[in-house]
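Take a look at the model below. We start with one residue and then move to a place where two chains meet.

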4 protein chains.
Amino acid sequence: MATARPAVMPETRRATKLVEQYRAVRAHTESLAAPLSPEDQTIQSMPDVSPTKWHRAHTTWFFETFLLQPHCAGYHQFHPQFGYLFNSYYETVGARHPRPQRGLLSRPSVEEIAAYRRHVDTAMAAWLDAGDLPSALHDLVVLGLHHEQQHQELLLMDIKHVLSCNPLDPAYDRAPVELAPVIPQRWIEHDGGLLEIGHAGDEFAFDNEQPRHAVYVHPFSIASRPVTNGEWLAFIADDGYRRPELWLSDAWATVQAEGWDAPLYWEAGQMFTLAGMQPIDEHAPVCHVSYYEADAYARWAGARLPTEGEWEVAALDGVGAVWEWTGSAYLPYPGFRPAAGAVGEYNGKFMVNQHVLRGSSRATPPGHARPTYRNFFPPAARWAFSGVRIAQ
Amino acid sequence: MATARPAVMPETRRATKLVEQYRAVRAHTESLAAPLSPEDQTIQSMPDVSPTKWHRAHTTWFFETFLLQPHCAGYHQFHPQFGYLFNSYYETVGARHPRPQRGLLSRPSVEEIAAYRRHVDTAMAAWLDAGDLPSALHDLVVLGLHHEQQHQELLLMDIKHVLSCNPLDPAYDRAPVELAPVIPQRWIEHDGGLLEIGHAGDEFAFDNEQPRHAVYVHPFSIASRPVTNGEWLAFIADDGYRRPELWLSDAWATVQAEGWDAPLYWEAGQMFTLAGMQPIDEHAPVCHVSYYEADAYARWAGARLPTEGEWEVAALDGVGAVWEWTGSAYLPYPGFRPAAGAVGEYNGKFMVNQHVLRGSSRATPPGHARPTYRNFFPPAARWAFSGVRIAQ
Amino acid sequence: MATARPAVMPETRRATKLVEQYRAVRAHTESLAAPLSPEDQTIQSMPDVSPTKWHRAHTTWFFETFLLQPHCAGYHQFHPQFGYLFNSYYETVGARHPRPQRGLLSRPSVEEIAAYRRHVDTAMAAWLDAGDLPSALHDLVVLGLHHEQQHQELLLMDIKHVLSCNPLDPAYDRAPVELAPVIPQRWIEHDGGLLEIGHAGDEFAFDNEQPRHAVYVHPFSIASRPVTNGEWLAFIADDGYRRPELWLSDAWATVQAEGWDAPLYWEAGQMFTLAGMQPIDEHAPVCHVSYYEADAYARWAGARLPTEGEWEVAALDGVGAVWEWTGSAYLPYPGFRPAAGAVGEYNGKFMVNQHVLRGSSRATPPGHARPTYRNFFPPAARWAFSGVRIAQ
Amino acid sequence: MATARPAVMPETRRATKLVEQYRAVRAHTESLAAPLSPEDQTIQSMPDVSPTKWHRAHTTWFFETFLLQPHCAGYHQFHPQFGYLFNSYYETVGARHPRPQRGLLSRPSVEEIAAYRRHVDTAMAAWLDAGDLPSALHDLVVLGLHHEQQHQELLLMDIKHVLSCNPLDPAYDRAPVELAPVIPQRWIEHDGGLLEIGHAGDEFAFDNEQPRHAVYVHPFSIASRPVTNGEWLAFIADDGYRRPELWLSDAWATVQAEGWDAPLYWEAGQMFTLAGMQPIDEHAPVCHVSYYEADAYARWAGARLPTEGEWEVAALDGVGAVWEWTGSAYLPYPGFRPAAGAVGEYNGKFMVNQHVLRGSSRATPPGHARPTYRNFFPPAARWAFSGVRIAQ
């Protein structure tokens with residue numbers, strides 16, 4: 001019996017801790033949406049962007065669909081059509097509203113979505129408080145929280161894009177982010193060798209970070225910090241955006257088709273930020289550049305982008321300001337197995353036509369990032385908080 | 001002095017009456033927007049559609065731009081960028097926000113637009129109360145009111161389309177329109193001859209209704225009422241949407257590209273209305289059909305669409321339920337002269353690639369329609385309240 | 001006998017004459033194709049354009065499909081799939097190869113198409129020589145010949161476009177067309193009144209020119225000749241292509257989207273012609289302008305385009321150099337009835353979204369044009385030999 | 001002197017051998033074009049496809065531009081505009097004709113291009129015969145020959161696509177390829193380890209195959225032969241093209257957008273081949289599948305695609321029938337350096353958005369393939385002779 005108690009206690013403690021984590025993560029989402037009006041929360045400015053209120057509802061749908069409905073006896077579904085409206089891309093759980101039409105929904109209103117969140121939060125808290133959660137369900141709740149944290153950053157990426165489309169240049173909030181002074185760049189040398197990358201152990205990680213596996217890394221050097229706006233201005237001044245020899249073929253076609261001549265959100269010597277239009281800070285890391293631009297910059301600088309293996313085995317300074325493009329395509333690790341069930345669609349099915357970014361950004365929720373974390377975007381995407389670190 | 005008084009009095013009466021008209025028209029717009037949430041008022045569901053709040057602001061911009069700013073001493077502009085945001089298509093008065101991006105604007109908020117309306121209404125009322133308005137300005141105010149009435153119908157057309165895109169099938173208001181019982185169709189014979197059409201006299205009319213002019217009309221018959229949903233169901237049942245010989249070439253290409261098999265808003269035996277999904281009333285006039293469909297139906301019925309001349313010279317029954325497509329292209333009348341100044345862009349520059357509709361619909365504000373009124377839309381447009389009357 | 005003979009003789013004479021006409025028209029097509037290589041005859045430079053060899057085959061298909069196969073006993077079809085390949089747009093006679101893919105066909109070769117023409121010509125000549133053709137079939141042969149004449153001009157329009165896409169600026173033939181010296185423009189006054197337009201009588205005309213009918217024409221003036229290149233240069237010099245107030249709304253959108261700043265084929269002070277690049281002759285009529293440009297030019301000149309009724313009732317000088325845009329939409333005449341059978345698709349189904357052109361061009365085969373002839377193209381089309389005559 | 005002679009002799013021998021290789025490779029291109037008419041050689045059926053005559057000219061342009069013009073004194077350029085017309089994608093050597101417009105060129109004719117080839121071949125033969133070619137130029141000639149061999153396969157890929165667009169199903173040649181009987185599939189086991197891949201040594205290889213470098217390979221099994229048509233039929237029968245869980249997200253979107261339900265060129269139980277329509281041979285390797293389909297098939301089979309490292313270190317059977325998709329994105333090898341000069345654009349600038357294929361196909365010229373050869377295509381491409389080999 002005495003032995004039984006320790007076995008139960010951690011279970012209880014774990015459940016207690018989980019409900020607290022749940023409340024904290026869910027509250028953080030609401031605090032991010034708080035400065036935004038109903039009109040702000042409704043707009044979808046391009047197919048890649050989702051409305052704020054959709055993020056608030058979709059993260060809620062995750063808990064309702066994967067936990068409450070199948071596993072919480074007596075749970076009462078909030079609305080029969082929300083499963084259709086707020087499924088993002090899970091083919092396995094049924095039909096869904098087309099992504100490019102998320103901005104066509106004035107209803108449910110922002111207030112109804114707040115009510116949906118409260119409804120699900122009440123049910124989740126009661127269910128988590130009841131304790132004795134089997135390990136698989138516990139893990140699914142944790143996955144739901146990490147999922148919501150991802151959407152917290154997406155919410156900021158997306159609302160920044162929405163507000164940037166408005167000629168009035170409205171601010172999300174008025175306090176510009178204060179950035180640490182930038183250190184001079186130096187080269188961090190690494191001997192390489194047969195090393196291991198990827199996640200192992202009991203802590204949470206997404207399926208795409210696993211399994212931990214051997215990789216042979218050639219000796220390399222990597223910059224001690226990301227490229228700054230000042231350095232990017234030198235690239236522009238040296239006709240970086242006008243010299244085809246610096247660009248991959250698809251990249252050059254994109255530069256010409258889109259008329260790129262600076263990072264996204266740069267305009268007339270200023271840059272649009274969540275605090276509205278601001279001067280370009282030459283000491284801050286450059287942000288909102290695509291893989292295409294990152295690659296061209298590196299070539300211009302006589303360098304290249306690091307592979308994700310190099311990035312992971314190096315002890316890096318200056319991480320956390322911007323996501324850092326790597327030269328690695330987003331592909332499965334040797335021995336990769338998608339998570340079982342519908343959540344297996346979470347990461348695996350995007351493993352083509354994307355490049356890996358490592359690190360995290362100022363918009364990443366605290367505690368969400370890991371050295372093994374694999375973020376990914378298509379090579380032309382610029383609305384993520386994405387920057388560049390060079391290697392050679 | 002006695003002579004002066006009568007000269008002054010009508011002027012005063014006219015001004016008094018005008019300010020009352022102004023208040024009435026402006027209040028009607030607000031009453032149409034009243035059932036709509038901030039989210040509802042923000043969405044643009046296709047490039048042809050404008051958000052409700054844009055309609056509210058644009059009609060206000062008309063008075064501010066063409067009357068208060070040039071003619072009302074001491075008027076204080078509400079916001080320096082609203083001229084850019086709420087110009088619809090007047091090239092002469094400067095740059096404007098692109099039409100397809102009207103749905104990207106969360107700011108100004110619905111509440112700010114309400115304040116804009118109050119600001120302009122206060123200034124307009126004071127200015128109109130001051131009396132002694134020269135005739136040209138009086139006419140411009142009247143034009144602004146008719147302009148706002150047009151937007152009242154557009155507001156309803158547009159919000160119907162917005163709400164129809166929502167899988168929740170939300171209603172604008174809950175009371176379905178009651179329609180008068182439909183009379184059996186009979187043919188109204190007309191001898192034709194050398195007749196006159198177009199507007200003459202002192203009452204208001206748009207420039208495109210003028211000048212009144214002679215036109216030779218061949219003898220014809222015209223139906224005593226518009227085509228009904230029941231008749232349209234017979235057209236569908238007879239494979240009307242699947243027989244190319246019934247359709248113009250461009251029309252058939254559109255039917256195939258768009259997959260048309262029924263009027264817009266018909267779905268699974270029901271139709272989406274401003275009161276939500278409703279059964280299809282076989283006795284009601286068919287609505288939301290394009291010129292292409294109207295023309296094909298007429299051919300199927302062994303008839304044709306009337307010309308606008310025929311329509312105007314016939315004494316017609318059953319007008320007012322739906323706009324009625326005519327076979328006439330929207331072109332200038334002989335001797336047409338656009339109104340002077342920027343408002344000359346109002347009608348004249350659209351005189352290509354459109355067909356004329358005559359009459360009015362249930363959504364047309366009372367008092368807005370006239371027998372000489374020329375409404376117009378491109379031949380593939382279906383979101384207007386447009387129906388069909390046949391001739392032979 | 002004596003009475004029978006006159007009744008037979010004209011029939012015989014008519015048949016004799018018809019076979020001669022047939023041979024002449026068919027030979028003219030071949031002479032137009034003669035300067036073109038197999039490669040030249042294969043290319044489709046835009047969806048509106050058809051390859052030369054397609055024109056040669058399609059005009060042959062007309063005779064095979066509408067005459068030989070149904071009416072000539074013992075006729076042996078040349079190739080079972082040519083019906084599919086060379087049907088242009090006749091829904092009634094079965095499926096067809098998609099128009100935008102006409103340039104994907106290397107087979108049948110140019111030589112096989114020549115053989116196809118010979119095969120059909122032999123059969124047609126024998127059949128026509130046999131005499132005693134019923135009137136309806138005689139008329140269908142005549143229609144086929146006028147159809148082929150239309151394609152003779154299309155062949156020239158199309159090969160001009162094909163060759164213009166080649167950076168080598170190849171010439172179709174080396175002899176530039178000599179143009180008559182241009183007379184000074186004067187205004188021809190016309191009193192208007194209740195007049196008749198349209199075709200009547202026994203001579204050939206297309207169904208769309210009929211019936212002859214009354215139309216009321218207001219007094220007007222019309223220019224004595226088309227607008228010249230020199231006058232068009234003045235329009236350009238006066239910023240004609242940069243002033244939105246001169247353009248219809250759809251026209252201005254097209255000017256901006258397409259970057260128009262001169263007629264089609266003008267390039268760096270020269271113009272591409274069937275004789276290769278040539279200097280712009282200021283005295284020649286402007287050619288290859290769209291309805292949009294014609295309308296804008298007329299507005300700039302303080303004039304307007306004539307209606308097709310005005311055009312037809314005026315005795316006109318200077319006709320025959322370029323097709324002349326009218327302000328009239330291409331719509332059915334009062335009492336219009338399409339020809340019976342599949343050839344009823346010839347004209348009627350295009351009566352929307354087009355404007356009427358009158359007259360003829362240097363590329364129109366001799367004898368093909370008539371004062372009642374209604375040519376038509378969409379308002380943005382520029383590859384026809386289309387010019388402008390103004391009215392007021 | 002005696003020592004000098006051996007030093008010279010190999011040089012001469014090498015030159016002699018080179019001119020023979022030159023003649024052989026050039027003659028092979030002509031033999032591939034021989035069955036094609038001028039019309040066949042002119043058509044471009046999609047932007048990825050080039051006309052046969054363009055391939056013949058472009059490969060000639062390579063020798064003229066990179067060798068004769070800069071290095072052969074007294075060489076007389078064949079045509080001043082061919083540099084513009086037949087540059088494929090080399091930004092460094094000047095402007096070029098847009099790729100999607102290669103099918104708009106009827107001139108130069110097929111015969112002129114034959115003359116161009118003869119002109120360059122005569123000059124090249126004389127220049128090569130003169131001997132004493134410096135090593136860098138010798139290597140450039142060799143590169144030009146390998147380049148031409150690549151275009152020999154492209155020519156076949158492209159003409160197959162061109163002919164497949166013709167409803168007449170024309171054959172390139174009448175003799176279907178005889179395929180060796182397919183052996184039963186077995187699994188080849190490999191222990192993996194720290195191995196080397198990539199090219200080293202003096203033999204020719206493209207820059208993208210270099211440098212040879214270490215890579216850690218996990219133990220794996222790889223199929224002893226490619227997947228057959230019979231196996232693919234089982235995939236189809238098991239609803240392989242209708243089950244989203246088998247497909248990557250981008251792949252599934254493509255399947256739906258393109259309506260894929262079988263490999264390219266399969267139609268109604270047959271397949272289009274260079275010998276025309278043929279029955280589907282269940283024992284032949286499946287061909288004309290995209291990376292998306294290869295990946296989905298592998299998942300359905302409970303396997304995966306091999307990495308290019310695995311492919312290269314395995315001793316493989318059954319290579320040479322079809323190119324084999326690997327799971328590896330086409331990226332630079334560690335230490336990759338593009339070739340110097342304009343030819344550095346040959347491979348390096350395509351290193352994004354593509355996947356590597358290994359092996360060779362029946363259409364690859366004899367002697368062109370190597371175990372280290374890296375072919376690459378975008379993941380949706382299907383017109384290459386591409387098949388699938390699975391691994392696990």
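Is G201(A) buried or exposed? This is a predicted model, so every value here is computed from it. G201(A) has a relative accessibility of 59%. The cut-off for exposed is over 50%, so G201(A) counts as exposed. Now find its place in the chain. G201(A) lies in a loop of chain A, between β2 (193-197) and β3 (213-217). Next, look along to R212(A). Eleven residues separate G201(A) and R212(A) in sequence. In space, their C-alpha atoms are 9.4 Å apart.

Now turn to chains C and D. How large is an interface? The size is often given as the accessible area lost when the parts come together. For chain C and chain D, that buried area is about 2400 Å². Carbon and sulfur atoms account for 60% of it. Which residues of chain C lose the most area to chain D? They are E39(C), L104(C) and R107(C), and together they make up 29% of what that side buries. The contact involves 30 residues from chain C and 30 residues from chain D.

What links the two sides? Two salt bridges are found across the interface of chain C and chain D. R107(C) forms a salt bridge with D40(D). Their closest N and O atoms are 2.8 Å apart.

Last, consider the side of chain C that touches chain D. The elements giving two or more residues to it are α3 (82-86), α4 (110-129) and α5 (135-164) of chain C. By type, the residues of this side are 15 nonpolar, ten polar and five charged.

Definitions and conventions
Residues are numbered from 1 along each chain as its sequence is written. Chains are lettered from A and ligands numbered from 1 in the order in which they are written. This is a predicted model: local features need pLDDT of at least 70, side-chain atom pairs count only at pLDDT 80 or more; totals for chains, interfaces and linings use all residues. Side-chain values use heavy atoms; hydrogens and water are left out. Helices (H or I, at least four residues) and strands (E, at least two) are DSSP runs, numbered from the N terminus. Buried means under 20% relative accessible area, exposed over 50%, partly exposed in between (1.4 Å probe, protein chains only). Contact means heavy atoms within 4.5 Å. Buried area is the accessible area (1.4 Å probe) that two parts lose on being put together, summed over both. A salt bridge is a side-chain nitrogen of Lys or Arg within 4 Å of a carboxyl oxygen of Asp or Glu. Ala, Val, Leu, Ile, Met, Phe, Trp, Tyr, Cys and Pro count as nonpolar, Asp, Glu, Lys and Arg as charged, and the others, Gly among them, as polar.
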